[in-house]
Structures are given as C-alpha cells and as structure tokens.
Amino acid sequence: MSGPRPTPGAPSGIDLRAEMRQAAASLGKPAHDAPSRAVTSDLSVDESLLLHSIGWEALDVVFGASLVSVPPFVWTWGSGEITSASEAHNLAVRSAAQHLGAQCTAVGGHGVVGVHVEIEVQRHHVDVELTGTAVRPVKGKDRSSAFVSDLSARDFTLLHNAGWAPVGLAFGASFVYAPRRSAGAAMRQSSQNVELTNFTEAMYAAREAGMEHMQRSALDMGAQGIVAVRVAEGPMWFANHAIGFTAWGTAVRLEAQSHQYLRPEVVLPLDDAVVEFAAQSLR
Amino acid sequence: MPAPGRPDGADGPPDAVDTGTGTDLPEAAGRRLESGSFSSGLTVPDFAACLQMGLRPVALVQGFCVMQWGWYGAGSPYSRGLSPYAFGSGGAPRGVYSESYSCPHGGMVYSNEHRIWGQNYQQPWVEEAWAEGFGSAYSRLVEEAGAVGAHGVIGVVDSTRHLADMNVTEFHILGTAVVVEDAAPAPGATPWTTYLAGQRLAKLVEAGYMPVSVVAALSSVRVWAYCVTEMLMEGRPLSTFGGGGYMPVAEVEQLSRAHLAARSLVREHVRGKLGHDTLQGALIVANTQRLAQGDEVIECALRGTRVRRFKDFDPLPPPRPTVRLT
C-alpha cells in the first residue's frame, strides 16, 4: 500500500504521514509565523500542549540561585531551635525565588511553572537553586510581579481549570537541637530497646516550626492554602545532634467565584497488567 | 510498507550509500552501513509509533570525540585561569562575563593572607573546548546519517564522561537514522536531529512543530573569592586570631551572582543557536566544583531540541480528567 492514509489510532482527519512529510519539507523554507525572539522551555511536549489548551504559552527557561552563610559553631551544642540556620535557609529560598520571579517578569512572564528545587545544606552555608519555565497567557501583557510554582504544567492546567491560581512558592525550614543524654542515661539505656525521646521531640519541634514558617509565608502572599506540600527531614551528616525539617509547596488562591468541579470520567483500562494465574491450576 | 533498512525499501544493500569517500567515516562503518539490514536504538513502542508516522529506521548512527583539556596550560591568551588577573589590565574581552569584588576592611590590616580582591569570570576557552568536542561528535553522527541517505535522526542520546584519571573527556552521541517515507530526497541537505522519538515526536509534529537539530552548550564560570566570600563560606573570623568577630547570616553575593551568571550564560549560548526557533525539552545540568577558601568552578550544560513551527497550531480540545480503575 502506498500513498497517504490516515494513521490508525490518530484523531480522525489527521494524516500523520502527510503531516510528517509536510514538516520535513518545511525545513528548506522560512519558518512559519516565527516568534520575534527564540523561546526556550524545559516543558515536555505534553505539558506544552496542555498549556496551549488553556491559552497559555512558554517563554523562557529561568533560574534563581542563592547561597546564604550559616555562622560557625551553631550546629554542635545548645537547645531549642537553631535560629541562625533556619533564618539562613528561609532567606536563601526567598532570595532565589525573587531572582526567579525577576527573570520571569524581565521576559514578560506572568509566572514560573514546573520549578525544580535543589537545596544543599552545608556546615557553613545553604545553597538553593531553582529552575523553571516562565509562562503567560498567549499575547498577555507584561506584569510587574510573577508567581513561582513547583507544580508541573499538567497540575497547573488542572488547577487553572478548577478556578484556582498559584500565588507563590511557600517554604518553611527549621533546625532544632536534639539535646545530648547524660552519660549515665546513655549507659543505662545502652542495652535496652528505648525510644530516644530527645530526637523524637526535636523532630516534632522542627516539624512544627517548619510548617509554621511555610504557612506564614503562604499567608504573607495572600494565599488561601498550599497544595502539593513536600517535606524532608533528618539529621545532617556534619551535625549528628541537630534535626532539620523543610516543607514546601505551591500557595494557591481561588480566582473564580467558586471551585469548579472537574467531574473526572471513570476509565477502565483494558490492558490489565495484574492478571495472574494460580500455578496449582496447571496440575 | 517498504521494509526498514533501505531508503528505497528494496531488498539487498542500497545502491547509493556513500561509504565515506571524501569523508572521515571509517571504512568498516561504510561496510556495516551497506549490509542491508537496519539497526535502531528505539524501544519497541517508539519503533511502532515511528513506523505509523511514516518514519523508517535505517541505521543506528553514532559519533564520538575524545578531548584532552588544556585549561591550565601555558600560552593561552587568557592565561587559562592561572590567576584572577587573567584578563589583564584591559579587563574582560567584550561580551565575556566578569565581575570584581574589593575588600571592605581596609586591605592588609588583618593578615597577609587577607584576600583583598576577588573576581567572577567566564572561561570561554573551556566553553569553546566543550563545544568543539560536542560539535565534532555531533557532526560525525550527522555524517553517518547522511551516508545512509537518512532524512533525520531521532531518539538522540548523548553522554560525556571522564576517562580514567586523565584530563580527558569522551563525547558520545547516538541516535536512529530514519527516512521519511514517500518524501522527496533532499540533495545536500543536512539531516535533522531530535532527542524525541515515538509518540512524543508524533505529538510534536501534530502540534505543528518540526525538529531542526539537537542543541547543546556549556558555560563555565570561575570564582576567585574575596575576603567576605571566604569568611562566609569557611566560617572564619575577620582576622587570623579571631578578632573582628564572625559574619552573621548573610547572602554570599559573589557566589549567588556567579551561579546565576553561569545559568544565564548557557541559556544565551543556546539562544544564539536558535535563530527564531524554539528550544523544546530543555535540560540543564549544573556541576559545582568547590575548591577552597570560597573558590569555585561552576559549569552548566543545557541541551534540548530546536524545533520550528511549520503550520498554524491546531488548538487541542480541553483535556478530560479521568480516573483509572486499576
């Protein structure tokens, strides 16, 4: 069989083979409807298409970076929250997000989606790197401020269709000392199965302070809540008696009159991957 | 549908395969490409999807380049990073990133080791060497694809790795050369290339974009820390004997700016290769080599597929949310 034919599985009316030939032949010609400046995007093809489906477009890959120092000798001895480390962490994230927002508005974006968050806590500094794609409504006007969101473009589309909008990256971090046991207590407990309440309590204290920082940062941005919260906790390799807790997510606000129910359709896949058989039945 | 392997779909070895005459393709590669069977790096779903859209695999094509770095050798016009005074009294060449930082403490008052001056600067010689290595491997891949009469190369994968303990890096790029069925041959045209394959490539074309080429670049920024950066990063007091106190929680401005500069530079390098096209699926990989006393080398690699719009975008219907009963 030769000649163009509709591709099985493709939407009706689309001949993928003809499209491919047309696309390949187009390389020898000037670009069709070329943008005035090159566009860069770290979104997948699916994400770009989803953004287009709600009338948004990608503009540029944007970055934010910040290194903030932690004063010496704060990790080893003490009690309660290690405030200078918590401050350093929160300042680094806030500063990196500001850099990211500034790059976004510089290219005419209304916000940054799919922000990839990388954080490194070291003895003397906290290093935060943010990378995402600046987006805006097609032919949207420039704005003076931009939202920063770690939601994927897919989640951003769902949120948009539900009547909500991201307002920023909510972030909270807290570092707390886990007080050392007395030498006598350590000796007595060395052969027992016991809960180390100093660590448990430190984790709870860090959790409460970190979550509070995060929620306060969301309220400061005028958000009603936070979605897709992620948490990380545990000791640092250089500070065995300190517990760190970080939480972050996208602060959101209802833009529509009320929440728009998405009413998902129920799908029953026919490619059942969990069909099993009992080996006994073969006997 | 013609069988994969021959640009014209006929059986047996192709008649018009350029075996490398006039090129630097190895003779063995020419013999292998003439064998008549096809090879492909595509997964089975990608293979099936590409056949559906009229792309026929011809050969798994590859390009290699092994580069030895000469960053710190003598004779470079930039002194190759041997000193923060690399650019000399005239400053950085036009278009090259460079920022200087001066001690706010009154110079040598505190100790002989007090770093009264620091600089962030781009290392164009590193970037050019990387671009040469990647570019050579890429051009060899494209050359192989052209030799088998392919229109394009899909599913490109590239990697770089250091060889042993030597100051040597290997660049390796591979992909599947394909022919667009029933398409007119493009004499002299360079095969197009893309990191995409399968359904992702089909969706891209359906959305009105055609891949042009894979694009990659590297930026390199060297940080020579000044006293403030050193104290903040190392937790050191202002003077050798602990006088002057320790720095409080503060942003390390020199390093923050260097990290931002490295990322912005690599984006501009890539943008310079795009013309008015779009970079799709950008992937950035940053590597920070922490030296000592706050000194760093920051390298960022950015890669993606350059795509060009060939028709008006057909808006998709709004996505339908679904729940899977699994």
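Predicted model: local features only at pLDDT ≥ 70, side-chain atom pairs only at ≥ 80, totals over all residues.
The contact draws 62 residues from chain A and 70 residues from chain B. On the side of chain A that touches chain B, the elements that give two or more residues are α1 (16-26), β1 (39-40), α2 (45-53), β2 (56-69), α3 (83-106), β4 (125-137), α4 (153-161) and β9 (265-267) of chain A. Of these, α1(A) gives the most, with ten residues. By residue class, this side of chain A holds 33 nonpolar, 20 polar and nine charged residues.

Strand pairing also crosses between the chains. β1(A) pairs with strand β8 (residues 278-290) of chain B. The sense is parallel, and the pairing runs over two bridges. V39(A) has T278(B) in β8(B) as its bridge partner.

Chain B contains six helices and ten strands. Of its 326 residues, 44% count as buried. Among contacts in chain B with a separation of 6 or more, 72% come from residues 24 or more positions apart.

One sheet of chain B is open and has four strands. Their order is β1-β5-β4-β6, and the pairing is mixed. At the edges stand β1 (55-68) and β6 (192-193) of chain B. Each has a single partner strand, so one side of each is left without a neighbour in the sheet. Strands β4 (residues 152-162) and β5 (residues 168-180) of chain B pair in the antiparallel sense. Nine bridges join β4(B) and β5(B). In this pairing, V153(B) has A177(B) of β5(B) as its bridge partner.

An α-helix has 3.6 residues a turn, so residues three or four places apart point the same way. After α2(B) comes G54(B), with a positive phi near 85 degrees.

Helix α3 (residues 124-147) of chain B has 24 residues. At 1.5 Å a residue, α3(B) should span 34 Å. The end C-alpha atoms of α3(B) are 33 Å apart, which agrees with that span. Just after α3(B), G149(B) also has a positive phi, of about 75 degrees.

V307(B) belongs to strand β9 (residues 296-309) of chain B. Is V307(B) buried or exposed? A residue counts as buried if 20 or more other C-beta atoms lie within 10 Å of its own. V307(B) has 29 other C-beta atoms within 10 Å, so it is buried. Leaving aside residues up to four places away in sequence, V307(B) touches L204(B), Y209(B), M210(B), P211(B), V212(B), D277(B), T278(B) and Q280(B). One of these, T278(B), is the bridge partner of V39(A). V215(B) stands 92 residues from V307(B) along the chain. The C-alpha atoms of V307(B) and V215(B) are separated by 10 Å.

Methods
Residues numbered from 1 in each chain as written. Chains lettered and ligands numbered in written order. Contact = placed C-beta atoms within 7 Å. Nonpolar A, V, L, I, M, F, W, Y, C, P; charged D, E, K, R; others polar. Pairing = 2+ DSSP bridges. Buried ≥ 20, exposed ≤ 12 C-beta atoms within 10 Å, placed from the backbone. Expected span 1.5 Å × (residues − 1).
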